[in-house]
Each structure stands twice: as C-alpha cells, then as structure tokens.
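Reader: Please take one part of this model and go through it closely. I want to know what is packed inside, and what surrounds it.

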Amino acid sequence: MLFRSQQRRIVRLVRALKARGVWPVLDRLWIFAAENAAQALTDLRTRSLASLSPTPPAFTALRGFQGNGTSARIDLGVPASALTKYTQSASHIAFYVQQGDGSTNLWTGADDSGSGFSSLVVSGTTTSADFRLQTGSVANSMIQGGQSGLHIADRQSSTVASWMRNGVDTESNKLVTTAISVASSNLTALARNTSGSFSSHSGSRLAMISVGGTLGASGRAAISMVTNAYMTSVGANTY
C-alpha cells in the first residue's frame, strides 16, 4: 500500500522516466528508499516481489536496506536470463548506494559457476569497480569514482561498455571482454551469488536497483537525474 505522499513521489518518478524514454528499457525497478519494506520489495515495473534472506538486511524508512556484512542479502527473484530487455550484448544494472560501508566490496547481480557472469562489484576500499555483465571469470576494471551514490554499468554492445557515477561517466565507451551468455542464477543484492552459493556480504545500504536493456549516454544521464530527484525528495540523496 502506498500512502498519498509516497504515491505522488512514485508517480513523479515513473512519469519522468517515461518522458525521458527510460521506462521502456527497464525490466525491473526497485525503490528501496520507500516508506516500508513491503513497498521497497515491490518491483515498480512488474509488481513482482523481491525477498530477503533468513537473516534480513535492516530496513530504514526512506533510506533502504543495509546488509550486515556476514549473511544478510536481497534475492531479487529473477535471473538475468529470464529478462527481456536485458540481453547478452545490451544490458545495464544500476544501483544507488545510500551509505557505503567503506571496507567491503558490494556485489549486485549473479554469476554461474565458470560462465555466465551478470554482476557488478564496487570496491569498498579503492576507486575501481569490476564490470561483469556477460563476462567470463576475468573482470574488466572500471573507474567507479567512489562508493556512495548512483552507479550505472551499461553494456552497449558485445565489446563496448560505460560506467557512470552520480551523473558523470567515469568510463565511457570502453572496450571490454566480448559478451558471453547471461547468468541463470537469481539476481542478488548485498552479496555475491554464484549458482546459489552466497559470499562477500556487504554492510552497505542500498536505496534503488534497476536492471534492463542498454541505456546509452542520454539514458544514463536521465535515470541518474530522475533517481536523484526522488532521493532528494525523501532526504536520501548523496549528491
């Protein structure tokens, strides 16, 4: 159930994404910085529900879900291979780190053992990120520019990708490993999921995740602006 104030905020968000041509590119969109956990776990695109691990991440209203660094995570309830806009050579994952833990790597996505990586890794201690959207075991190092804020990893073709943080491309049109198969394990947040085996749990707090087709430069800028406008409206913005 959406209360009237939250309903207005979500309506503005969706209308803005539609007006900028981003909405049709999205397979899933979770706004974790919601009024309650039920709202936060509801995908705005399909109304399907994500679920929490037996030891759940801590939920803070209008901020999001925070891991505990050992066992808490979010099961997004769908593998990348089951999505329609997200494809082998044209895909994105975006997530808003409302509060980084400053020490552990933050994984979002899923990997299949030995093949079919569809994940991202934001480092907890350095400024580098690993781009693994349809790569093998060897990651592609990208400049992430810091841990907090909105990160967008965008595979634009079989061999070209970009990374944006807080509305600015930190890597643009970079040559990356040729795209291979899409992972069939469920997409996961706040931990690494390798064929159903979980590791590398994070203590960061996430406020939003989107997955879908490639965004391109204008789409990355649009989703960055619209998402941060929402975060600003609830006091969760980091930039």
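Author: Start with one term. A residue is buried if its relative accessible area is under 20%, exposed if it is over 50%, and partly exposed in between. By that rule F32 is buried, and F65 is buried too. Keep in mind that this is a predicted model.

How are the rings of F32 and F65 arranged? They form an edge-to-face aromatic pair, with centres 5.4 Å apart and 75° between the planes. F32 lies in the loop between β1 and α2, while F65 is in strand β4 (residues 64-66), so the pair ties together parts that are 33 residues apart in sequence.

The model has three aromatic pairs. Another of them is Y96 with Y239, a stacked pair: 6.1 Å centre to centre, 20° between the planes. Y96 belongs to strand β6 and Y239 to the segment after α3, so this pair ties together parts that are 143 residues apart in sequence. Are these two tyrosines buried or partly exposed? Y96 counts as buried because its relative accessibility is 0%. Y239 has a relative accessible area of 29%, so it is partly exposed.

Now widen the view. F32 is also part of the largest nonpolar core, which has 35 residues. F32 is among those with the most contacts inside this core, along with I74, F95, F131, L206 and I209. Several strands each supply at least two of the core residues, including β5 (74-79), β6 (91-99), β9 (128-135) and β17 (205-212). Look at I74 in particular. Leaving aside residues up to four places away in sequence, I74 touches F32 and F65, and its other contacts include L41, L52, P57, L187 and L190. There is also a second, separate core of 27 residues; L29, A33, A94 and L215 are among its members.

What about the helices? Take α1 (residues 4-19). Its 16 residues should span 22 Å at 1.5 Å a residue, and the end C-alpha atoms are 22 Å apart, so the two values agree. Its buried residues are Q6, R9, I10, L13, V14, A16 and L17. They cover an arc of only 160° around the axis, so they sit on the same side of α1. Much of that spacing follows a simple rule: an α-helix has 3.6 residues a turn, so residues three or four places apart point the same way. The face of α1 turned away from the buried side carries the exposed residues R4, R15 and A19. Among the elements covering the buried residues are β1 (26-31), α2 (37-40) and α3 (216-234). Just after α1, G21 takes a positive phi of about 75°.

Helix α3 has 19 residues and reaches 27 Å from its first C-alpha to its last, close to the expected 27 Å. Its buried residues include A222, I223, V226, Y230 and M231. Just after α3, G235 has a positive phi of about 80°.

One last spot. The charged end of R73 sits over the ring of F198, 3.7 Å from the ring centre. S195 is in the loop between β15 (192-194) and β16 (197-199). S195 has a positive phi near 50°, though it is not a glycine. S200, in the loop between β16 and β17, also has a positive phi of about 50° without being a glycine.

Conventions
Residues are numbered from 1 along each chain as its sequence is written. This is a predicted model: local features need pLDDT of at least 70, side-chain atom pairs count only at pLDDT 80 or more; totals for chains, interfaces and linings use all residues. Side-chain values use heavy atoms; hydrogens and water are left out. A nonpolar core is a set of buried Ala, Val, Leu, Ile, Met, Phe, Trp, Tyr and Cys residues joined through side-chain atoms within 4.5 Å. Buried means under 20% relative accessible area, exposed over 50%, partly exposed in between (1.4 Å probe, protein chains only). Helices (H or I, at least four residues) and strands (E, at least two) are DSSP runs, numbered from the N terminus. Contact means heavy atoms within 4.5 Å. The expected span of a helix is 1.5 Å times one less than its number of residues. The arc is that of the directions from the helix axis to the C-beta atoms. Rings of Phe, Tyr and Trp (its six-membered ring) pair if their centres lie within 6.5 Å; planes under 30 degrees apart count as stacked, over 60 as edge-to-face and the rest as tilted. A charge sits over a ring if NZ of Lys or CZ of Arg is within 6 Å of the ring centre and within 35 degrees of the ring normal.
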